[in-house]
Amino acid sequence: MTRRIVVAGVVSLYMSVGVGEFPVKYASMSSPRWIVTGVSGAAGHIARILKKLGDDVHLCTVVGRDLPGLGITVELRRQGLVGPGIVEGAESSVGATLVSPDGRRMGFPHLTPVNTVPYPMDLLEASAHDADLLVLTNAKFVRDLVGPASRLDIPIAVDVHLISDLDGEYNRPWLEAATIVFCSDERLPDPPEVWVARLFDRYPRCRLAGVGLGSRGALLATREGTLVRVEAVAPRGVVNTTGAGDALFATFLHFWSETGDPIRSLRLAVVHAGWKIGDPAPVTASLTPEELSALDASHMPNTVVGRWDL
């Protein structure tokens, strides 16, 4: 059964540049190892992955009446993601990413053009009709939509990315509303097992909590007490880690929505993210469910299941 998933957030036109090292040494001119351009942003990447995996995706975003906006629209139309949820703004979000030979990235997102655009709640509500899941990214223009969306009686998922404070003012609306919360471990003040326990204690709506651990894989906890750790795999090596967290999050959401199995869903998510970062443009590279299942069979990562509430 095809699931209807609404994704709200930023779509950007991005340029990724392969640099020789970090920090980048100044020179008046320097030849990059490679340059790729594509449509990204958290919502754009998540929507593309879900669409490739077979979901009925409805994208709610802001695209400008400018040259980057033209490129964004062409690519979204090619992906089958253009619909009534796209609002026109004056300018589009753009960005650049520097990528070192070991795959580390340094992003320069320019979100100002879309941050203050008032997105109509009636458009989100129309897109959410008969939806199985709302993926409300923590973009600024989405923030005012979270409260009203939480009253639609549809599960909400969010990746709060680089979070360090469970009581931080900015992310609080999402944390109060979400059934599924993912984040990176990069700035966590506690070990991830402690962090998820605190998350469940602080926010009663949360049922599933995922933490991306970078080169160590990922962790997932359920409110019922299950703790899953999946070690990282990189079937094609590491070229560009941009969007690895989005890939982990989106892939987990697809398989969890389909099967309700958090263990297999996290394992497939780790495999997909590990495969994608072997590409100079990981946002444009995604697998079908059949391709991902075959890759999982040949590169199955070590998975450990325990308890976080002992």
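**Close-up views of a predicted model**

**View 1. S4, H2 and S5 form a right-handed β-α-β unit.** Right-handed means that, with the strands pointing away from the viewer, the path from the first strand over the helix to the second runs clockwise. Helices (H or I, at least four residues) and strands (E, at least two) are DSSP runs, numbered from the N terminus. This is a predicted model: local features need pLDDT of at least 70, side-chain atom pairs count only at pLDDT 80 or more, and totals for chains, interfaces and linings use all residues. Residues are numbered from 1 along each chain as its sequence is written, and side-chain values use heavy atoms, without hydrogens and water.

**View 2. Strand S4 pairs with S1 and with S5.** Pairing requires at least two DSSP bridges between two strands. S1 (residues 4–8) runs parallel to S4 over five bridges. Val 6 has His 58 of S4 as its bridge partner. Four bridges link S4 to S5 (residues 86–89), also in the parallel sense.

**View 3. Four strands make an open sheet in the order S3-S2-S6-S7, with mixed pairing.** S3 (34–40) and S7 (105–110) stand at the edges with a single partner strand each, so one side of each lacks a neighbour in the sheet. Seven bridges join S2 (residues 12–18) to S3 in the antiparallel sense. Gly 18 lies opposite Trp 34 of S3.
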